[in-house]
Amino acid sequence: MLDFLKSWIETFQEFLFLAARAFRNIFRSPHYADDIFIQMDVIGVGSLPIVILIGFFSGIIMGLQMGRALTTYGAQEQIGQIVAISLVREFGPVLTALLVAGRNASGIASEIGSMKVTEQIDAMRALGTDPIQKLVTPRLIALMVVLPLLTIIADFIGLIGGALISVGLLNITWSFYWSSAWRALIYQDLFQGLLKPFLFAIIISLVGCLYGMRTTGGTQGVGRATTQAVVVSSIWIFVITSFIDPLFF
Amino acid sequence: MDETATSEVLRFKDVSLRFDETPALDHVSFAMNAGETRVVFGAAGSGKTMMLKTAVGLEKPDSGRVILFGEDVTDFQESALFKIRAKVGILFQEGGLFDSMNIADNVAYPLLNQQVLNQRTRRNGDGPLSEADIDAKVLQTLNFVELGSTLQKYPSEVSGGMRRRVGIARAVVTEPPLVLYDSPTAGLDPITANLIIHLLIKERDSRNTAAILVTHRYQDGHLMANFRYNPDSGQIEPAVADGVKTKFFVMNEGRLVFEGTETELRASQDVYVRKFVKY
């Protein structure tokens with residue numbers, strides 16, 4: 001038990017050191033702009049189809065489930081409000097982050113892990129390049145930019161999914177759905193809905209990089225690092241959400 | 001600074017390094033001067049690779065001091081180490097080639113990234129090496145390892161032996177005074193392995209480079225100690241007298257258990273040391 005706690009604390013300490021160095025490097029030369037744009041393309045554009053798909057179906061599912069419950073009380077006209085608030089405050093950021101974590105925390109960990117076990121990270125250091133500057137900071141910046149954008153897209157597509165159910169099954173007009181959804185949202189909701197993906201981006205990128213950098217034990221180690229990166233980043237997404245939600249309760 | 005210190009490129013003073021309870025280096029001490037060669041033998045896990053990594057600060061020793069080019073680099077920050085690492089070429093055991101870059105970009109990487117080197121190579125104060133200069137240097141170095149026709153290929157598209165030669169090219173492209181070779185012949189067929197050693201001898205004797213060669217093959221050390229590159233004929237030929245320029249190390253469980261010339265190595269009666277001597 002003591003060993004488990006010790007290793008957990010050591011990992012958390014490593015995470016904090018990595019985060020400190022990665023953020024410090026944002027303001028230090030050299031800047032690898034090409035790498036940032038490549039990562040934005042890989043993570044942002046690459047995740048777009050799946051984010052659209054899941055956003056759309058989460059809107060549909062939410063519309064169906066909430067619609068059924070609201071119809072029981074004759075309150076189906078509230079569907080726009082409920083879908084908008086649930087998606088923007090909670091499900092949009094969390095579902096998008098979980099998808100991006102599954103797709104990209106694993107990708108980051110496996111890419112950096114492979115570089116670690118084939119001594120490319122050591123080679124980088126030996127050849128005068130800080131691997132945190134070259135590998136971690138560009139991924140951190142890229143995710144901090146693209147995850148909020150992906151979340152906005154997921155929210156919007158989810159609202160469209162909810163609208164289709166409302167119009168098709170609950171006999172609510174298109175314009176009523178959108179106006180009630182729009183009126184339900186206050187600035188605090190939007191702030192919360194954008195703060196979360198920003199924090200999730202930090203977690204996903206740094207956890208992926210941390211487990212990649214810590215990889216040992218050849219290809220088996222790469223597989224282990226990949227799994228750990230996804231599991232740990234997913235857990236932290238829920239932990240952070242449960243800490244943020246009370247602040248906006 | 002005395003004469004010895006000025007020509008000394010690397011010194012380990014009682015260096016120890018442990019991973020958990022396993023000693024990677026156990027009170028290792030040695031010194032080598034410019035132009036000298038050290039051939040390091042040892043079983044897998046005996047600390048050979050860790051010795052090389054510790055020499056350039058990729059691993060920090062738990063105790064002892066590492067002196068590189070007269071500077072105590074033991075407690076250097078990573079940023080300070082970048083400067084001194086520009087004077088050391090390294091061929092990694094796994095190659096360490098960047099698989100996202102083609103061979104030309106891999107070899108050009110040190111020229112582009114070693115800032116100190118860039119400053120040193122500024123010409124008439126008008127900036128670092130031009131793109132054309134870098135291209136020419138890359139081609140010249142790849143020709144040196146007989147791979148001038150593979151510029152645009154990726155590491156995954158060439159054989160293991162060719163990857164090692166690209167690794168050698170990348171290690172020596174900046175013409176460092178010290179080059180560390182980690183198992184350059186491991187897993188290669190005898191013909192390719194001999195070609196690699198010939199390239200190391202050629203590199204060492206063309207520029208009087210100091211080198212540490214980690215290897216499992218006695219033949220590699222024997223060639224390094226007894227052959228030299230003749231720039232007139234462009235061939236490798238038996239050396240008349242090596243003197244003490246090539247010394248042999250044998251490592252066991254992190255300890256340096258033998259240090260001496262090839263003659264002394266052959267004469268050793270130590271059971272472990274004798275395992276590495278094959279005629």
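**View 1. Glu175(B) in a loop of chain B.** In this predicted model, Glu175(B) lies in the loop between α7 (160-172) and β7 (178-182) of chain B. Helices (H or I, at least four residues) and strands (E, at least two) are DSSP runs, numbered from the N terminus. Although Glu175(B) is not a glycine, its phi is positive, about 55°. With 15 other C-beta atoms within 10 Å, Glu175(B) is partly exposed; a residue is buried with 20 or more other C-beta atoms within 10 Å of its own, exposed with 12 or fewer, and partly exposed in between, the C-beta atoms being placed from the backbone. Residues are numbered from 1 along each chain as its sequence is written, while chains are lettered from A and ligands numbered from 1 in the order in which they are written. The model being predicted, local features need pLDDT of at least 70 and side-chain atom pairs count only at pLDDT 80 or more, whereas totals for chains, interfaces and linings use all residues.

**View 2. Phe69(B) between two strands.** The loop between β4 (63-68) and β5 (71-72) of chain B holds Phe69(B). Its phi is near 50°, a positive value in a residue other than glycine. Phe69(B) counts as partly exposed, with 16 C-beta neighbours inside 10 Å.

**View 3. The cis peptide bond at Pro30(A).** Ser29(A) and Pro30(A) are joined by a cis peptide bond with omega of about -5°. Pro30(A) sits in the loop between α1 (2-26) and α2 (33-72) of chain A.

**View 4. Chain B against chain A.** Here 19 residues of chain B are in contact with 11 residues of chain A (C-beta atoms, placed from the backbone, within 7 Å). On the side of chain B that touches chain A, α3 (78-85) and α4 (103-113) of chain B are the elements that give two or more residues.

Notes:
Two residues are in contact if their C-beta atoms, placed from the backbone, lie within 7 Å.
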